[in-house]
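Please look over the fold and its charged side chains with the briefing below in hand.

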Amino acid sequence: MKLNHLNLCVNNMSEAVTFFADIFGFELADRKGDAIAVMKDQAGFTLVLSQLVALRGENPIYPEGFHVGFYVDTKEDVDQFFLKLMSAGLASKENSPKSMRGGYTLYFKALDGILLEVTSFAV
């Protein structure tokens, strides 16, 4: 069995689409206005973004500890990603990468507080 997609609820669809394209390299595959966007990465994973307000729901609030994690190949990849976030104004020295739980990990928040993780286990 293979996980093939995730539906992530966001507050601002345009901001989320731009964020995942610019920061993580996802490509927009389909979009239904401000309600749903389907994005794909180079590894074949599909990220579905939905804006609940556009679907007549409430703005999403994720519980403490909820996060979306990405693996990269090397510690240097994590450091390069951190520099990319810093230049985009999405990270500061306070949340610089750290060695933890057998990997080298960066945590940061974006898109109205969604916690994201970038980790390499090749340390």
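Which residue forms a salt bridge with Lys 32, and how far apart are the closest N and O atoms? The partner of Lys 32 is Asp 30, with the closest N and O atoms 2.9 Å apart, where a salt bridge is a side-chain nitrogen of Lys or Arg within 4 Å of a carboxyl oxygen of Asp or Glu. This is a predicted model, in which local features need pLDDT of at least 70 and side-chain atom pairs count only at pLDDT 80 or more, while totals for chains, interfaces and linings use all residues. Residues are numbered from 1 along each chain as its sequence is written, and side-chain values use heavy atoms, leaving out hydrogens and water.

**Salt bridges**
- A search of the whole structure finds two salt bridges, and one of them joins the side chains of Arg 31 and Asp 34 at 3.1 Å, N to O.
- Asp 30 is partly exposed at 35% relative accessibility, a class lying between buried (under 20% relative accessible area) and exposed (over 50%), with a 1.4 Å probe and protein chains only.

**The sheet**
- Strands E7 (residues 103–110) and E8 (residues 114–120) run antiparallel and are joined by seven bridges, and Tyr 107 has Glu 117 in E8 as its bridge partner.

Terms used
Two strands pair if DSSP finds at least two bridges between them. Helices (H or I, at least four residues) and strands (E, at least two) are DSSP runs, numbered from the N terminus.
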